[in-house]
Amino acid sequence: MNPVYARMGTTIFETMSARARASDAINLGQGFPEAQGPADIIDAAARALAERSNQYPPMLGLPELRQAVADHYARDQGLDLSADEVIVTSGATEALAAALLALVSPGDEVILFQPLYDAYLPLVERAGGVARLVRLSPPDWRITRAMLDAAWTPRTRLIVLNSPLNPSGSMVEEAELAAIAGFCVERDLIAICDEVWEEVTFDGARHRSMIAEAGMRERTIKIGSAGKMFALTGWKVGWMCAAPELAHGLARAHQFLTFTTPPNLQWAVAYGLGRERAWFDGERAALQASRDRLAAGLVAAGYAVLPAPATYFLSIDLTGSGIDLDDVAFCDRLLDEAGVAAIPISAFYAGDAVTDIVRLCFAKSDATLDRAIDRFAAFRRARA
Ligand code: PMP
């Protein structure tokens, strides 16, 4: 086996979900919504399955979906992408793989930020790249120009930026975005921007895409996912957007990874992207209420939580809560003794990990969140 995979275990999400299923625990670990998903989008997929083609769609994606993605970003983020600059992929995961395979040559260095989404590092290494890890830390998870300069070498070719950031639920601020863009332009780097959480933002905060920053239009790959936009994480319909020269290379990698993505789901996502702004606002408001419900319950039970302006995730600060367990020990005991699955943040670090933060997914029904809060409270009382 290739050593990149030989030294690797099963992902923390799969492990925690399997343990949660085996013990009938409440699963706030893996990031998936409890609800079934929007009925009319699911209906649109069912109709497409029965009424439209089930044969290979075009390799770059259905033209209708590519156009819908471009239109959505024009309306929502003020971007000027054309449909030709959108390539449909089997989830953001495939887009990340295609981008890294297309752009990394052996020995190239790639700047990654920790905490990092778990797919990045093995993909970079399997492509022959060398990861240069930049460590971010709570409570703000901020990126500075000094951090970027310290990570750079003459072999650096790419950075991979995830904002809004899973697992922290934070977003890069305007000044950070400008600093990262300035760095990329000065150093002639390409930015792979994982923006799958772009629609899941709260308290009036709006996502800003790197591709709109000065000098970044020709050097950014913007990656999105319908799974997060429409709370349909199992669908694995994603896309990558880039200027024509970059898009050409991305398409070559994509054609030998999955080649296409189920056409029925593509039709349904194209339908979903055409929805009114108000629908997306409504989804955000409902998730924000869930976040606030879990945060209030945890605070009342004696836990300190960090701000969570985006994503499905809220973090407990163990040190701030006065809990003298590290994140892995806390998650183990929480699962075994209280019946709640959570994710230790250290799982998102390849080294020098932050070990006092625990990630919880709040995209759950009120009843599930309330049951989880009761269990957190009992766990805290038992340890107090
Ligand atoms: N990137 C990030 C930051 C994510 O959180 C996820 C999903 N959890 C993905 C990529 C993968 O998205 P998809 O399911 O569309 O492959």
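Analyst: Helices (H or I, at least four residues) and strands (E, at least two residues) are DSSP runs, and both are numbered from the N terminus. The model is predicted, so local features need a pLDDT of at least 70 and side-chain atom pairs a pLDDT of 80 or more, whereas totals for chains, interfaces and linings use all residues. Residues are numbered from 1 along each chain as its sequence is written, and side-chain values use heavy atoms, with hydrogens and water left out.

The ligand comes first. A residue counts as near it if one of its heavy atoms lies within 4 Å. The shell found in this way consists of Gly 91, Ala 92, Thr 93, Tyr 117, Asn 162, Asn 166, Asp 194, Val 196, Trp 197, Ser 225, Lys 228 and Lys 236. Helix H5, residues 91-103, supplies the largest share of this shell, with three residues. In the classes used here, Ala, Val, Leu, Ile, Met, Phe, Trp, Tyr, Cys and Pro are nonpolar, Asp, Glu, Lys and Arg are charged, and the others, including Gly, are polar. On that basis the shell holds four nonpolar, five polar and three charged residues.

Several side chains of the shell make polar contacts, a term for a pair of N or O atoms within 3.5 Å; within protein, one atom must be able to donate a hydrogen and the other to accept it, and residues adjacent in sequence count only if both atoms are side-chain atoms. Asp 194 places a polar side-chain atom 2.5 Å from a ligand nitrogen.

The wider space can now be described. The search uses a 1 Å grid over the protein atoms alone: a cavity is a set of points where a 1.4 Å probe fits but cannot get out, a pocket is an open set with protein on both sides within 12 Å along at least five of seven lines, and lining residues have an atom within 4 Å of a point. A molecule sits in such a space if more than half of its atoms lie within 2 Å of its grid points. The ligand takes up the largest pocket, which contains about 610 Å³ of space; a volume is the space filled by probe spheres set on the points, which are joined across faces, edges and corners. Of its 29 lining residues, Phe 13, Thr 93, Tyr 117, Lys 228 and Lys 236 lie nearest the centre. H5 gives the most to this lining, with four residues. The lining divides into 14 nonpolar, 10 polar and five charged residues.

The second largest pocket holds about 470 Å³. Met 8, Gly 9, Asp 118, Pro 122 and Ala 347 are the closest to its centre among 18 lining residues. Helix H6 provides the largest share of that lining, with three residues.

The largest cavity has a volume of about 120 Å³, and of its 16 lining residues Leu 136, Ile 143, Leu 161, Asn 162 and Leu 165 are closest to the centre. Asn 162 also belongs to the shell of the ligand. Strand E5, residues 156-162, gives the most to the cavity lining, with three residues. By class, the lining has 11 nonpolar, three polar and two charged residues.

One backbone feature involves another shell residue. The peptide bond from Asn 166 to Pro 167 is cis, with omega near 25 degrees, and Pro 167 lies in the loop between E5 and helix H8.
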